[in-house]
Amino acid sequence: MHFKALIRFTFFSLSLTLTGLASGQTPLERLLIAVQDNELQEVRAMISRGMAVDTSDRTGNTLLMIAARHGHADMAKLLLDLKANIRHRNAVGDTPLMFA
C-alpha cells in the first residue's frame with residue numbers, strides 16, 4: 001500500500017465511529033460487504049471519505065472483482081468511473097474481466 005493511501009486509510013479508520021465500528025466491522029470489512037451487497041451510495045461515500053477504489057480482500061480480489069463476481073453491473077460502472085484498475089491480478093492471477 002502506498003504511503004499516501006495508508007495515511008488516507010488510517011485517517012478514514014479513525015474518523016469512522018458509527019458506521020462499521022458500531023457494528024463490530026472494520027472499515028475494510030464494511031466496504032467489502034457494501035460492494036457485495038450492491039450498496040452504491042455507501043460505497044461512493046466510503047471512497048469519497050478516503051477508502052481506496054482498488055482496495056482488496058485477503059486474496060487480492062479488488063472491489064471491482066467482487067462487483068463483477070456478484071453480477072453488480074451498476075457497482076462495476078461506479079468503480080470504473082472512480083478509476084478502478086481493470087488490470088489488477090488477485091493471488092491466483094485473475095483480473096476483473098475474468099469475473100465478468
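Student: What is the volume of the second largest pocket?

Tutor: In this predicted model, the second largest pocket has a volume of about 210 Å³.

Student: What makes Leu28, Glu29 and Ile66 lining residues of the second largest pocket?

Tutor: A lining residue has an atom within 4 Å of a pocket point. Leu28, Glu29 and Ile66 are among the residues that line the second largest pocket, and the list also includes Leu32, Ile33, Gln36, Asp57, Arg58 and Arg69. H2 and H4 each supply at least two residues of this lining, and H2 gives the most, with 5 residues.

Student: How many residues of each class does the lining of the second largest pocket have?

Tutor: The lining has 4 nonpolar, 1 polar and 4 charged residues.

Student: Why is Thr62 called buried?

Tutor: The term buried requires a relative accessible area under 20%. Thr62 has a relative accessible area of 1%, and is therefore buried. The place of Thr62 is in the loop between H3 and H4.

Student: Which residues are in contact with Thr62, leaving aside its neighbours within four places in sequence?

Tutor: With those neighbours left aside, Thr62 is in contact with Asp54, Thr55, Ser56, His88 and Pro96. Contact here requires heavy atoms within 4.5 Å.

Student: Which residues of the largest nonpolar core touch the most other members?

Tutor: The core has 18 residues, of which Val35, Val43, Leu63, Met75 and Leu79 touch the most other members. Two or more residues come from each of helix H2 (27-36), helix H3 (40-48), helix H4 (63-69) and helix H5 (73-81). In soluble globular proteins, nonpolar side chains tend to be buried together.

Student: Which residues does Met75 contact, leaving aside its neighbours within four places in sequence?

Tutor: Apart from those neighbours, Met75 is in contact with Ala34, Val35, Asn38, Glu39, Leu40, Val43 and Ala67.

Student: What is the order of the elements from the N terminus on?

Tutor: The elements run α-α-α-α-α-α, and the protein has 6 helices and 0 strands.

Student: How much of the protein counts as buried, and how much surface is exposed?

Tutor: Of the 100 residues, 34% count as buried. The protein exposes about 6,200 Å², and carbon and sulfur atoms supply 59% of that area.

Student: What percentage of contacts between residues at least 6 apart in sequence join residues at least 24 apart?

Tutor: Among those contacts, 55% join residues at least 24 apart.

Conventions
Residues are numbered from 1 along each chain as its sequence is written. This is a predicted model: local features need pLDDT of at least 70, side-chain atom pairs count only at pLDDT 80 or more; totals for chains, interfaces and linings use all residues. Side-chain values use heavy atoms; hydrogens and water are left out. A nonpolar core is a set of buried Ala, Val, Leu, Ile, Met, Phe, Trp, Tyr and Cys residues joined through side-chain atoms within 4.5 Å. Buried means under 20% relative accessible area, exposed over 50%, partly exposed in between (1.4 Å probe, protein chains only). Helices (H or I, at least four residues) and strands (E, at least two) are DSSP runs, numbered from the N terminus. Accessible areas come from the Shrake-Rupley method with a 1.4 Å probe; for residues, only the protein chains shown count as cover. On a 1 Å grid over the protein atoms alone, a cavity is a set of points where a 1.4 Å probe fits but cannot get out, and a pocket is an open set with protein on both sides within 12 Å along at least five of seven lines; lining residues have an atom within 4 Å of a point. Grid points are joined across faces, edges and corners, and a volume is the space filled by probe spheres set on the points. Ala, Val, Leu, Ile, Met, Phe, Trp, Tyr, Cys and Pro count as nonpolar, Asp, Glu, Lys and Arg as charged, and the others, Gly among them, as polar.
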